[in-house]
Amino acid sequence: MIMHLLLPLFTLLILSQSMSHALPLSTQSRWIVDEEGERVKLACVNWASHLDLVVAEGLSKQPIDAIANKILEMGFNCVRLTWPIYLVTNDSLSSLTVRESFLNYGLTDYISGIQDNNPSFLDLSLITAFQAVVTSLSDNNVMVILDNHITKPGWCCSRADGNGFFGDTYFDPNLWIQGLTKMATLFKDNPNVIGMSLRNELRGPKENVNDWYRYMQKGAEAVHNANPNVLVILSGLNFDKDLSFLHNKPVSLSFKGKLVFEVHWYAFTDGSAWKDGDPNQVCARVVNNYMRTVGFLLDQGYPLFVSEWGIDMRGTNVNDNRYLNCFLTWVAEHDLDWALWTLAGSYYLREGVAGMIEYYGVLHSDWASVRNSSFLERISAIQSPLQGPSKAGIKSRQKIIFHPSTGLCIVRKSLIDVQLGKCSESNLWSYTPKKTLTTEDSYFCIKGQGSNQPIRLSIFCLGTGTRWDPISDSNLHLSTRLGGNTTLCLDVDSSNNVITTSCRCLGKDKSCDPGSQWFKIVDVGSYTVKLYGVGSRARVAEM
Ligand SMILES: *[C@@H]1O[C@H](CO)[C@@H](O)[C@H](O)[C@H]1NC(C)=O
Ligand SMILES: *[C@@H]1O[C@H](CO)[C@@H](O)[C@H](O)[C@H]1NC(C)=O
């Protein structure tokens, strides 16, 4: 018995996520996989190249390769690179040089910045410069999703900007298909371009379901014909929040294994609900809503790519902060693919303002330093895959216990002590039908010791303090009953000790932030994949 107790406590949990994958990618039920059937989790960051200047932002601040390397260093493996249709359909625009584009807006200061950091870009045409950005990302092993963000260059998106839906002033479906085809063709020989998202945030008075099917299916076929390697990513209605119409009628396409749906979710998607409401109620309501409007697609066997989300990195926006705790539990629970908004520390020109700072940007306006390193630590748990097809991964379905406000997990520290630690280094837990949280060898369980006391591991797993029930509207509090009818909740103190305290914020009090008491018991584990080598396209089977 004692020998078992001394077995290594930590199990390497994270599935192998090597830097380079066997491309192209395809879909295997709701997972995105490489040619060998291994799950590839998209942990992307958005990089804007669709604004007025039509030059990827930041090139006046840092060399392109430095930016590409910084992206990797921050734990992202892919970029959602935005572009306007005119970049490939309007010759007088696409043939402008980078220098001319800045001169047209009188932004001469940037020219010297580009001269210093990326001199080879200055006299490239806008389309060639765009290709050079993709080449640099590819050379540095960053995967690229080409996102058609808008038709006419400029900041996006409003209901009335003429770029919102098929038939709007700047949204001619034929021109759009022509643009998608050209862009797909341009990169058909670059395997690092792994996906194309067909149109950002459909919206406005003209939007309707019939035209959505009509044109999105046409666009998807056009892209697939021009480049059969790419994942074809479709966005929904109402600013990419609503794909509920797919409940009744699936998309009909001539090809298989390439279709992905995307969704956007910010705090401000729900106005100031997070700040003005009880976070437990708001989280429950908003998650339920998202499961109904988009999340059901996972059960239908499609990957879901949360292609825009993010917060004000200064950490001062209460609405954003509360949303993030809830959002992270949702992404971890379903192990979704995603793209953070955004990379940019600043824009050349946004909505008429030169040099506008982007506080949702992961980089500072120097495009070199990280705006908030604690944010990056928090999202590291969702940057690696937790589930999905893998040859090397663990086979059984186990759990980790995720704490979104730190981004850490409850991990075993010694025989009877636990602490918060990196989720990627967590041991695995079981959540039994009796609602105990036991170690993998099932000898030990997590046991509450009393108010403000650290939790411990115990071998007495039947008594008080060993059953953990999710409570509150959000179900994100884990409560346990100790002797004398005391109910306590898991919590984290200011020194990051995992303790039990009285359950907080259950009274629908909007001034109460339950964040430190929110935990999510998250599935981890993989399927074993079996390969049948049939040409280049391996078939993958779950075993
Ligand atoms: C093409 O782009 C140029 C430069 O941005 C613009 O002035 C012109 O209106 C565009 N042409 C069309 C047909 O949209
Ligand atoms: C980073 O965000 C946290 C909140 O998540 C905040 O407390 C902190 O002040 C922020 N740091 C910086 C440097 O803005």
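Trainee: Which residue forms a salt bridge with lysine 399?

Mentor: This is a predicted model. The closest N and O atoms of the pair are 2.5 Å apart, within the 4 Å cut-off for a salt bridge. Lysine 399 lies in strand β14 (residues 398-403) and its partner in strand β26 (residues 520-532), so the pair ties together parts that are 124 residues apart in sequence. The partner is aspartate 523.

Trainee: Is aspartate 523 buried, partly exposed or exposed?

Mentor: Its relative accessibility is 26%. Buried requires under 20% and exposed over 50%. Because 26% is the value, aspartate 523 counts as partly exposed.

Trainee: How many salt bridges does the structure hold, and which residues are linked in a network of them?

Mentor: The structure holds 22 salt bridges. The residues linked in a network are Arg39, Lys41, Asp335 and Asp337.

Trainee: What is the nearest side chain of opposite charge to glutamate 201, and how far away is it?

Mentor: Side chains of opposite charge can pair when their charged atoms come close. Glutamate 201 is in the loop between β6 (193-197) and α9 (209-226). This residue is buried yet has no salt bridge. The nearest side chain of opposite charge is arginine 203, at 5.3 Å.

Trainee: Which side chain does a polar contact of 2.7 Å join to that of glutamate 201?

Mentor: The limit for a polar contact is 3.5 Å, and this one is 2.7 Å. The side chain in question belongs to histidine 264.

Trainee: Which residue forms a salt bridge with lysine 508?

Mentor: The pair links the loop between β25 (498-502) and β26 with the loop between β22 (469-471) and β23 (477-482), 35 residues apart. The closest N and O atoms are 2.8 Å apart, and the partner is aspartate 473.

Trainee: What is phi of lysine 508?

Mentor: Most residues other than glycine have a negative phi. Lysine 508, a residue other than glycine, has a positive value. Its phi is near 55°.

Trainee: What is phi of phenylalanine 239, and where is this residue placed?

Mentor: Phenylalanine 239 counts as buried, because its relative accessibility is 17%. Phi is again positive in a residue other than glycine, near 60°. The place of phenylalanine 239 is in helix α10 (residues 237-240).

Trainee: What is omega of the peptide bond from tryptophan 341 to threonine 342?

Mentor: Most peptide bonds are trans. A cis bond joins leucine 23 and proline 24, with omega about 0°, and proline 24 lies in the loop between α1 (2-5) and β1 (26-28). Threonine 342 is found in the loop between β10 (337-340) and β11 (349-350). The bond from tryptophan 341 to threonine 342 is cis, with omega near 15°.

Trainee: Turning to the ligands, what share of the accessible area of ligand 1 does the protein cover?

Mentor: The residues around ligand 1 are Tyr86, Asn90, Ser92 and Leu93. By class, two are nonpolar, two are polar and none is charged. An oxygen atom of ligand 1 is 2.3 Å from an N or O atom in the side chain of asparagine 90. Ligand 1 has 360 Å² of accessible area on its own, of which the protein covers 37%.

Trainee: What share of the exposed area of ligand 2 does the protein bury?

Mentor: Ligand 2 is surrounded by Met313, Arg314, Gly315, Arg371, Asn372, Ser374 and Arg378. This shell has one nonpolar, three polar and three charged residues. An oxygen atom of ligand 2 is 2.3 Å from an N or O atom in the side chain of asparagine 372. Taken alone, ligand 2 exposes 360 Å², and the share buried by the protein is 47%.

Key:
Residues are numbered from 1 along each chain as its sequence is written. Chains are lettered from A and ligands numbered from 1 in the order in which they are written. This is a predicted model: local features need pLDDT of at least 70, side-chain atom pairs count only at pLDDT 80 or more; totals for chains, interfaces and linings use all residues. Side-chain values use heavy atoms; hydrogens and water are left out. A residue is near a molecule or strand if one of its heavy atoms lies within 4 Å of it. A polar contact is a pair of N or O atoms within 3.5 Å; within protein, one must be able to donate a hydrogen and the other to accept it, and residues adjacent in sequence count only if both atoms are side-chain atoms. Accessible areas come from the Shrake-Rupley method with a 1.4 Å probe; for residues, only the protein chains shown count as cover. Ala, Val, Leu, Ile, Met, Phe, Trp, Tyr, Cys and Pro count as nonpolar, Asp, Glu, Lys and Arg as charged, and the others, Gly among them, as polar. Helices (H or I, at least four residues) and strands (E, at least two) are DSSP runs, numbered from the N terminus. Buried means under 20% relative accessible area, exposed over 50%, partly exposed in between (1.4 Å probe, protein chains only). Lys and Arg count as positive and Asp and Glu as negative; His and the chain ends are not counted.
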